[in-house]
Amino acid sequence: MVRCFLTVVAFLFAVHPLSADDVSESQFTLDKDAYLVGSTVVQDKAGVDDLFMAGNTVRSNQDISGSLHLAGRKIFSAGAVGGDAYVAGFDVSLTGKVAGDVTASGYYVTIGEVGGDLRVSGSNVTLSGPVSGYALISGDDVTIEGIVKGDLRLSAKDVEFSENARVDGTLILYEEEAGDLRLPAGLVPEDRIERRNIAELSEGAADLQLWDWRTALVELVEWVLIITVIAALLASFAPNKLGDLRRNILARPSRSLLFGFLTLSALAGAAIVLMVTGFGVGLLLGLISLIVALLAAFAGYVVGAYAVGVWLLMLLRKREPDNFAVRVAAAVIGVLVVALIAMTPVLGWLFVMFVALVGAGSITILLFRPTFFSAP
């Protein structure tokens, strides 16, 4: 979870507006993991485990023992990768051996040896090395020069196979019309070739299912339970404080909304300013500021959803929650209602944002008791 969060942070905030000639670079390390951001970024240090890089031009020259995460306009990775590789850019060149899986996307994409599975999409895709697992390739112009030891699922307008190319598994071709793609002799036996219409969903995509009501229902129940447990703990250990937070929201929601907006804007803005300083301490403080902003937004969501539940209960009961069971019921109702409204197209996320902001604003008011904007 932490690595996923740091990856998102690096990719979102590292590619700040720098000129094409700016070669500035910011970096820091956590244990053996390295995080590098800037306009032109080069990693040439040995002993790195997981590597996270983002910028205009990104270059990794050294071997790493862990996973590779790269984002940028021009990406070059020549070192070996001990784990998986996740790469996205315009011009992508991944020539070092990757022991694990590779997931890559770009306009020009070149992939070398892959020890696991390969998933790649782009306009011009070249596979120059062997793939030990399966390969899923989608592109306009595709060149395959290596051996795919597993199945190959291929969607392309034009494809070229070198004389050394071979598919040891099943070759599944997605075409506009059957026979569009010409295959050289010796690539794969005829009985292991499947030609399908490009409009068909692959078996793998059908298994994934972009949306299923049963899965959505389970996720909704899980989310309601998680938030309810957190709200129940607050109701158990700090019922008076939780009541004060809820009263701040219901009494003056506009004031809570204003302070929530100011709080999250200040925290997120501070994160950006600290990160673009280019100093290691600034990057670390920026990450801390962003983590605090995310935690504040989540806490605001919990408090805001609880306030919605209390408001709905008060419409029925005409009195405030007076015991633990009623508070838990309010949390369940509030979280469920907010989650259902969140599913509404376009307006759903605006409502969730409103709930999180008013909740965060109420927390700010309780902690700091600001006197400005306090007039009724």
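**Arg73 and its setting**

Modeller: Leaving aside its neighbours within four places in sequence, Arg73 is in contact with Gly55, Asn56, Gly89, Phe90 and Asp91, where contact means heavy atoms within 4.5 Å. This is a predicted model, in which local features need pLDDT of at least 70 and side-chain atom pairs count only at pLDDT 80 or more, while totals for chains, interfaces and linings use all residues. Residues are numbered from 1 along each chain as its sequence is written, and side-chain values use heavy atoms, with hydrogens and water left out.

Arg73 belongs to strand S5 (residues 68-77). Strands (E, at least two residues) and helices (H or I, at least four) are DSSP runs, numbered from the N terminus. Arg73 counts as partly exposed because its relative accessibility is 40%; buried means under 20% relative accessible area, exposed over 50%, and partly exposed in between, with a 1.4 Å probe and protein chains only. Its C-alpha atom is separated by 8.1 Å from that of Val92, 19 residues apart along the chain.

Arg153 lies in strand S11 (residues 152-161), and with a relative accessible area of 19% it is buried. The C-alpha atoms of Arg153 and Ile172, likewise 19 residues apart along the chain, are separated by 4.7 Å.

Gly55 and Asn56, two of the contacts of Arg73, fall within the range of strand S4 (residues 51-60). S4 pairs in the parallel sense with strand S3 (residues 40-43) over four bridges; two strands pair if DSSP finds at least two bridges between them. Within this pairing, Val41 stands opposite Val58 in S4.

Six of the six residues of S2 are buried, so the strand is largely enclosed by the rest of the structure. Asp33, Tyr35 and Val37 point one way from S2, and Ala34, Leu36 and Gly38 point the other way.

Strand S7 (residues 102-111) and strand S8 (residues 118-127) pair in the parallel sense over nine bridges, with Ser121 in S8 as the bridge partner of Ser105. Nine bridges join S8 in turn to strand S9 (residues 135-144), which runs parallel to it, and in S9 the bridge partner of Asn124 is Asp141.

The helices provide another kind of packing. Two packed helices are described by the angle between their axes and the distance between the axes. Axes are lines fitted to C-alpha atoms, for helices over the stretch in contact, and angles run from 0 to 180 degrees between N-to-C directions. Helix H4 (residues 239-251) and helix H8 (residues 347-368) pack at an angle of about 120°, with their axes 9 Å apart. The contact is made by Lys241, Asp244, Leu245, Asn248 and Ile249 of H4, and by Val358, Gly359, Ser362, Ile363, Ile365 and Leu366 of H8. By class it has six nonpolar, three polar and two charged residues; Ala, Val, Leu, Ile, Met, Phe, Trp, Tyr, Cys and Pro count as nonpolar, Asp, Glu, Lys and Arg as charged, and the others, Gly among them, as polar.

H8 also packs against helix H7 (residues 324-342), at an angle of about 145° and with the axes 7 Å apart. Val338, Ile341 and Ala342 in H7 meet Gly348, Trp349, Phe351, Val352 and Val355 in H8, a set that divides into seven nonpolar, one polar and no charged. Gly334 is found in H7 and counts as buried, at 0% relative accessibility.

As for the chain in general, its secondary structure comes to eight helices and 14 strands, and buried residues make up 43% of its 376 residues. Among contacts between residues at least 6 apart in sequence, 28% join residues at least 24 apart.
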